[in-house]
Amino acid sequence: MSRMDQAYALLEAECRDRGVDLDAACRRLAALEVETPSWGYGDSGTRFKVFRQRGVPRNPFEKIDDAAVVHRLTGACPSVAIHIPWDKVDDYRALADHARNQGLRIGAVNPNLFQDDDYMLGSLTNVQPEIRRKAIRHMLECVDIMREVDSSVLSLWVPDGTNYPGQGDIRRRKRWLEEALREVYAALEPGMRLLIEYKFFEPAFYHTDLADWGMAYLAAEKLGPQAQVLVDTGHHPQGTNVEHIVALLLDEGRLGGFHFNSRKYADDDLIVGAIHPYELFLIFCQILEAEQSDDERVASTARSIAYMIDQSHAIEPKIPAMIRSVCNIQTQFAKALLVPWHLLRERQEANDVLGAEAVLREAFEMDVRPMLYRLREEKGLPADPIKAFYESGYEEKISERGFGGSGW
Ligand code: AOS
Ligand code: ZN
Ligand code: ZN
Ligand code: ZN
């Protein structure tokens with residue numbers, strides 16, 4: 001027996017003792033899909049400096065090539081999110097075909113409401129009707145692109161807000177936003193979803209029009225069932241209990257997707273799972289528990305979540321950073337799959353405070369590497385995808401691209 005088979009057997013025995021079906025957990029892990037963002041492959045940085053890296057994609061087609069490499073090595077990333085106009089092309093069907101030829105599909109379409117000079121004082125909430133109209137038109141154009149690339153998710157982050165008290169009329173802006181979203185929502189086809197992201201600050205520093213989950217929820221609730229909330233893990237003030245937000249949105253059938261990343265201080269967009277792995281684990285605990293809910297609406301909401309990475313790799317080599325992110329997500333997801341829910345319930349009902357906490361913590365402390373190795377083995381994937389990347393020669397190959405493209 002190899003060392004890994006021994007480790008798997010040990011984990012299996014431990015799971016059996018705890019009443020957890022390891023094979024079922026592995027099957028669920030194998031079905032986990034994580035979408036990577038086209039902009040995560042390009043150059044990015046901070047407001048101080050964008051460091052250029054050799055070999056980054058020069059165009060949207062090359063971003064898809066890099067995303068395909070991540071999928072080939074991890075087996076878990078069959079879709080890539082695009083950002084318009086960063087990924088503007090003449091022929092979107094050709095872009096979708098290019099993805100398909102490499103076993104990928106285009107996932108969420110992200111409108112850009114923050115880089116046009118006209119949007120300096122707001123896009124969908126600008127006091128000038130022509131600018132609001134321009135922003136709405138851009139969103140409708142994104143719905144058209146969704147049709148062409150066969151995407152079902154329109155992922156909206158509204159950067160709008162104000163820097164000073166009195167600068168804008170908060171209530172009027174709220175109504176303009178609602179009006180705009182109603183028009184965009186009406187253009188969605190059945191099966192398409194509008195995911196509404198929130199962020200409490202930046203680029204605006206006094207007020208943001210969609211500052212928190214409650215505001216995004218309210219907007220979604222007013223629009224209808226095809227609108228849901230997107231939780232970007234980096235978009236909360238320090239100390240926020242993100243898994244609580246996740247639980248609440250699940251229970252209301254309004255959790256549509258995630259943008260995964262890590263934050264230490266603000267919207268740092270660091271590698272997911274690098275800073276607060278326990279938080280990521282607890283988020284997955286809420287989701288996996290909800291997947292088994294008797295309430296069909298809750299269970300189907302949990303099963304339809306769009307898991308997406310939203311990171312900007314300022315100093316990291318892009319492709320290995322993306323692979324690292326996917327592995328970190330898989331690791332915490334695997335741990336959450338090892339929670340014995342019946343035992344947790346039992347201890348909660350017995351008001352066993354320490355016992356209940358121990359159930360979660362002990363799952364977090366388990367070594368799930370044997371699950372990940374088995375999964376990769378079964379899918380014919382390399383045991384160490386980052387090592388496999390460096391050995392593949394791809395890095396040398398793309399260095400011929402020179403210093404090319406910016407993700408931003
Ligand atoms: C911005 O902070 C958000 O996280 C958005 O999702 C944004 O569109 C994305 O990061 C690309 O810039
Ligand atoms: Zn300073
Ligand atoms: Zn985001
Ligand atoms: Zn962000």
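A polar contact is taken here as a pair of N or O atoms within 3.5 Å. In the predicted model, His83 meets this criterion, since a polar atom of its side chain lies 3.3 Å from an oxygen atom of ligand 1. Two further side chains approach the ligand through N or O atoms: that of Lys199 at 2.9 Å from an oxygen atom of ligand 1, and that of Asp310 at 2.8 Å from an oxygen atom of ligand 1. Taken alone, ligand 1 exposes 320 Å², of which 90% is buried by the protein.

According to an unreviewed UniProt entry, residues 90-268 carry the feature "domain: Xylose isomerase-like TIM barrel". Over this stretch the chain is 39% helix and 18% strand, and a distance of 33 Å separates the C-alpha atoms at its ends.

The second largest pocket has a volume of about 410 Å³. Three elements each contribute two or more residues to its lining, namely strand 3 (105-111), helix 10 (296-303) and strand 10 (306-309), and the greatest contribution, four residues, is made by strand 3. The lining comprises 24 residues in total, with Glu33, Glu35, Arg105, Ile305 and Ala306 lying nearest the centre of the pocket. Of the lining residues, 11 are nonpolar, eight are charged and five are polar.

Several features of the backbone were also noted. Most peptide bonds are trans, and most residues other than glycine have a negative phi. A cis peptide bond, with omega at about 15°, joins Ile84 and Pro85, and Pro85 is situated in the loop that connects strand 2 (79-84) with helix 4 (92-100). The peptide bond from Glu202 to Pro203 is likewise cis, its omega being near 10°; Pro203 belongs to the loop between strand 6 (193-197) and strand 7 (207-208). Asp150, although not a glycine, has a positive phi of about 65°, and this residue is placed in the loop between helix 5 (129-149) and strand 4 (153-157).

Notes. Residues numbered from 1 in each chain as written. Chains lettered and ligands numbered in written order. Predicted model: local features only at pLDDT ≥ 70, side-chain atom pairs only at ≥ 80, totals over all residues. Heavy atoms only, no water. 1 Å grid on protein atoms, 1.4 Å probe; cavity = no way out; pocket = protein on both sides within 12 Å on 5 of 7 lines; lining within 4 Å. Points joined across faces, edges and corners; volume = space filled by probe spheres on them. Nonpolar A, V, L, I, M, F, W, Y, C, P; charged D, E, K, R; others polar. UniProt positions renumbered as here; feature names shortened; annotations may be inferred. Polar contact = N/O pair within 3.5 Å; in protein donor to acceptor, adjacent residues only side chain to side chain. Areas by Shrake-Rupley, 256 points an atom, 1.4 Å probe, with all protein chains shown as cover.
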